[in-house]
Amino acid sequence: MTGMEARHGDAELKKELDATLHARRELGDEYESALVDSFLEKVEQRLDGAVDRRVRRQLAEQQMVVARGARSPQSSDSWGERFGFGIVSLVLAIPLSAIGGGVAHLPGLLVAWVGIVGVNVVQAARLSPNFFGRRKNRPESDWED
(Lines give C-alpha, C1' and ligand atoms only; values in the text may rest on other atoms or scores of the structure.)
Protein backbone atom coordinates (compact mmCIF):
# COMPACT_ATOMS: atom_id res chain seq x y z
CA MET A 1 0.00 0.00 0.00
CA THR A 2 1.42 3.37 -0.97
CA GLY A 3 1.46 6.33 1.38
CA MET A 4 -1.44 7.92 -0.48
CA GLU A 5 -3.54 4.74 -0.22
CA ALA A 6 -2.70 4.42 3.49
CA ARG A 7 -3.77 8.01 4.20
CA HIS A 8 -6.99 7.47 2.22
CA GLY A 9 -7.64 4.23 4.12
CA ASP A 10 -6.92 5.91 7.45
CA ALA A 11 -9.31 8.74 6.64
CA GLU A 12 -11.96 6.22 5.58
CA LEU A 13 -11.46 4.23 8.77
CA LYS A 14 -11.67 7.42 10.85
CA LYS A 15 -14.99 8.27 9.16
CA GLU A 16 -16.24 4.76 9.97
CA LEU A 17 -15.23 5.17 13.61
CA ASP A 18 -16.92 8.58 13.81
CA ALA A 19 -20.08 7.13 12.26
CA THR A 20 -20.00 4.19 14.69
CA LEU A 21 -19.61 6.53 17.70
CA HIS A 22 -22.39 8.77 16.41
CA ALA A 23 -24.69 5.78 15.92
CA ARG A 24 -23.87 4.57 19.45
CA ARG A 25 -24.85 7.94 20.90
CA GLU A 26 -28.16 7.89 19.02
CA LEU A 27 -29.04 4.21 19.57
CA GLY A 28 -27.86 3.87 23.15
CA ASP A 29 -25.97 1.23 25.12
CA GLU A 30 -28.04 -1.76 23.96
CA TYR A 31 -26.56 -1.57 20.44
CA GLU A 32 -22.98 -0.87 21.53
CA SER A 33 -21.84 -4.49 21.13
CA ALA A 34 -23.25 -4.78 17.60
CA LEU A 35 -21.74 -1.46 16.57
CA VAL A 36 -18.31 -2.37 17.92
CA ASP A 37 -18.46 -5.76 16.19
CA SER A 38 -19.38 -4.08 12.91
CA PHE A 39 -16.51 -1.60 13.20
CA LEU A 40 -14.02 -4.32 14.10
CA GLU A 41 -15.19 -6.36 11.11
CA LYS A 42 -14.40 -3.40 8.84
CA VAL A 43 -10.95 -3.05 10.44
CA GLU A 44 -10.35 -6.78 9.94
CA GLN A 45 -11.38 -6.54 6.27
CA ARG A 46 -8.96 -3.65 5.80
CA LEU A 47 -6.13 -5.59 7.43
CA ASP A 48 -6.92 -8.69 5.35
CA GLY A 49 -6.80 -6.59 2.20
CA ALA A 50 -3.43 -5.12 3.15
CA VAL A 51 -2.00 -8.55 3.96
CA ASP A 52 -3.35 -9.98 0.69
CA ARG A 53 -1.73 -7.17 -1.31
CA ARG A 54 1.57 -7.67 0.50
CA VAL A 55 1.55 -11.43 -0.07
CA ARG A 56 0.67 -11.01 -3.75
CA ARG A 57 3.52 -8.52 -4.18
CA GLN A 58 6.03 -10.86 -2.52
CA LEU A 59 4.87 -13.81 -4.63
CA ALA A 60 5.21 -11.74 -7.78
CA GLU A 61 8.74 -10.73 -6.77
CA GLN A 62 9.68 -14.37 -6.13
CA GLN A 63 8.22 -15.41 -9.48
CA MET A 64 10.28 -12.73 -11.21
CA VAL A 65 13.42 -13.99 -9.50
CA VAL A 66 12.65 -17.56 -10.60
CA ALA A 67 11.78 -16.43 -14.13
CA ARG A 68 15.12 -14.67 -14.42
CA GLY A 69 16.89 -17.83 -13.30
CA ALA A 70 18.55 -16.05 -10.42
CA ARG A 71 18.92 -17.35 -6.90
CA SER A 72 16.42 -16.17 -4.32
CA PRO A 73 17.52 -13.18 -2.26
CA GLN A 74 17.42 -15.26 0.95
CA SER A 75 20.00 -17.73 -0.33
CA SER A 76 23.53 -16.57 0.13
CA ASP A 77 26.70 -18.11 -1.12
CA SER A 78 29.06 -15.83 0.70
CA TRP A 79 32.57 -16.78 1.67
CA GLY A 80 31.60 -16.40 5.33
CA GLU A 81 28.85 -19.01 5.08
CA ARG A 82 31.20 -21.51 3.43
CA PHE A 83 33.97 -20.85 5.93
CA GLY A 84 31.58 -21.10 8.89
CA PHE A 85 30.11 -24.36 7.63
CA GLY A 86 33.60 -25.81 7.17
CA ILE A 87 34.68 -24.82 10.69
CA VAL A 88 31.50 -26.23 12.26
CA SER A 89 31.86 -29.51 10.39
CA LEU A 90 35.50 -29.87 11.50
CA VAL A 91 34.60 -29.10 15.11
CA LEU A 92 31.79 -31.67 15.02
CA ALA A 93 34.10 -34.18 13.31
CA ILE A 94 36.13 -34.58 16.51
CA PRO A 95 33.37 -36.00 18.75
CA LEU A 96 31.81 -37.92 15.86
CA SER A 97 35.16 -39.56 15.13
CA ALA A 98 35.64 -40.42 18.81
CA ILE A 99 32.16 -41.90 19.12
CA GLY A 100 32.36 -43.82 15.83
CA GLY A 101 35.85 -45.12 16.57
CA GLY A 102 35.08 -45.95 20.18
CA VAL A 103 31.86 -47.83 19.48
CA ALA A 104 32.61 -49.61 16.20
CA HIS A 105 36.38 -49.06 15.80
CA LEU A 106 37.58 -48.58 12.19
CA PRO A 107 34.19 -49.21 10.48
CA GLY A 108 32.54 -46.68 12.83
CA LEU A 109 35.26 -44.14 12.15
CA LEU A 110 34.82 -44.63 8.38
CA VAL A 111 31.04 -44.24 8.62
CA ALA A 112 31.44 -41.02 10.64
CA TRP A 113 33.84 -39.55 8.09
CA VAL A 114 31.73 -40.62 5.11
CA GLY A 115 28.84 -38.75 6.75
CA ILE A 116 30.97 -35.66 7.39
CA VAL A 117 32.28 -35.63 3.82
CA GLY A 118 28.77 -36.27 2.46
CA VAL A 119 27.29 -33.31 4.32
CA ASN A 120 30.07 -31.05 3.07
CA VAL A 121 29.65 -32.25 -0.53
CA VAL A 122 25.92 -31.56 -0.40
CA GLN A 123 26.57 -28.09 1.02
CA ALA A 124 29.18 -27.36 -1.66
CA ALA A 125 26.82 -28.56 -4.40
CA ARG A 126 24.03 -26.37 -2.99
CA LEU A 127 26.19 -23.26 -2.99
CA SER A 128 27.94 -23.96 -6.31
CA PRO A 129 25.60 -25.46 -8.92
CA ASN A 130 28.58 -26.32 -11.18
CA PHE A 131 30.35 -28.20 -8.37
CA PHE A 132 30.01 -31.59 -10.06
CA GLY A 133 31.16 -30.25 -13.41
CA ARG A 134 27.67 -30.06 -14.87
CA ARG A 135 27.95 -27.92 -17.94
CA LYS A 136 25.67 -27.16 -20.80
CA ASN A 137 26.17 -29.28 -23.88
CA ARG A 138 28.80 -27.31 -25.67
CA PRO A 139 30.44 -28.36 -28.92
CA GLU A 140 33.94 -29.82 -28.53
CA SER A 141 35.38 -27.24 -30.87
CA ASP A 142 34.40 -23.78 -32.01
CA TRP A 143 33.73 -25.10 -35.52
CA GLU A 144 30.82 -27.36 -34.59
CA ASP A 145 27.28 -26.04 -34.34
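Visitor: Which residues does Thr20 touch, once residues up to four places away in sequence are left out?
Guide: Thr20 touches Leu35 and Phe39, where contact means heavy atoms within 4.5 Å. This is a predicted model, in which local features need pLDDT of at least 70 and side-chain atom pairs count only at pLDDT 80 or more, while totals for chains, interfaces and linings use all residues. Residues are numbered from 1 along each chain as its sequence is written, and side-chain values use heavy atoms, with hydrogens and water left out.

Visitor: Why is Thr20 called buried?
Guide: Its relative accessible area is 14%, and the word buried is kept for values under 20%, with exposed meaning over 50% and partly exposed in between (1.4 Å probe, protein chains only). Thr20 therefore counts as buried, and its place is in helix 1, which covers residues 3-27.

Visitor: How many helices and strands does the protein chain have?
Guide: The protein chain has three helices and zero strands, counted as DSSP runs numbered from the N terminus (helices are H or I with at least four residues, strands are E with at least two). Read along the sequence, the pattern is α-α-α. Of the 145 residues in the protein chain, 12% count as buried.

Visitor: What makes Gly100 count as buried or exposed?
Guide: Gly100 has a relative accessibility of 13%, and it therefore counts as buried. Gly100 is found in helix 3, and, not counting residues up to four places away in sequence, it touches His105, Gly108 and Leu109. From Gly100 to Leu110 there are ten residues in sequence and 7.9 Å in space, C-alpha to C-alpha.

Visitor: What is the phi of His105?
Guide: The phi of His105 is near 60 degrees, which is a positive value in a residue other than glycine. Most residues other than glycine have a negative phi. His105 lies in helix 3, and its relative accessible area of 57% is the reason why it is called exposed.

Visitor: How do you know that the side chains of Arg24 and Asp29 meet in a salt bridge?
Guide: Their N to O distance is 2.3 Å, and a salt bridge asks for a side-chain nitrogen of Lys or Arg within 4 Å of a carboxyl oxygen of Asp or Glu, so the pair qualifies. Side chains of opposite charge can pair when their charged atoms come close.

Visitor: How many salt bridges does the rule give?
Guide: The count comes to five salt bridges. One of them joins the side chains of Glu81 and Arg126, at 2.7 Å from N to O. Glu81 is partly exposed at 26% relative accessibility, and Arg126 is partly exposed with a relative accessible area of 40%.

Visitor: Which residues gather in a patch of positive charge on the surface?
Guide: Arg53, Arg54, Arg56 and Arg57 gather in that patch. Patches are made of residues with over 30% relative accessible area and no salt bridge, like charges being joined within 9 Å and nonpolar side chains (Val, Leu, Ile, Met, Phe, Trp, Tyr) within 5 Å. Arg56 has a relative accessible area of 54%, so it is called exposed, and its place is in helix 2, which covers residues 32-68.

Visitor: Which residues form the patch of negative charge, and which make the nonpolar one?
Guide: Asp37, Glu41, Glu44, Asp48 and Asp52 gather in the patch of negative charge on the surface. Glu41 is in helix 2, and it is called partly exposed because its relative accessible area is 48%. The nonpolar surface patch, of about 560 Å², is made by Leu90, Leu106, Leu109, Leu110, Trp113 and Val117. Leu109 has its place in helix 3, which covers residues 79-127.

Definitions and conventions
Areas by Shrake-Rupley, 256 points an atom, 1.4 Å probe, with all protein chains shown as cover. Lys, Arg positive; Asp, Glu negative; His and termini not counted. Charge placed at Lys NZ, Arg CZ, Asp CG, Glu CD.
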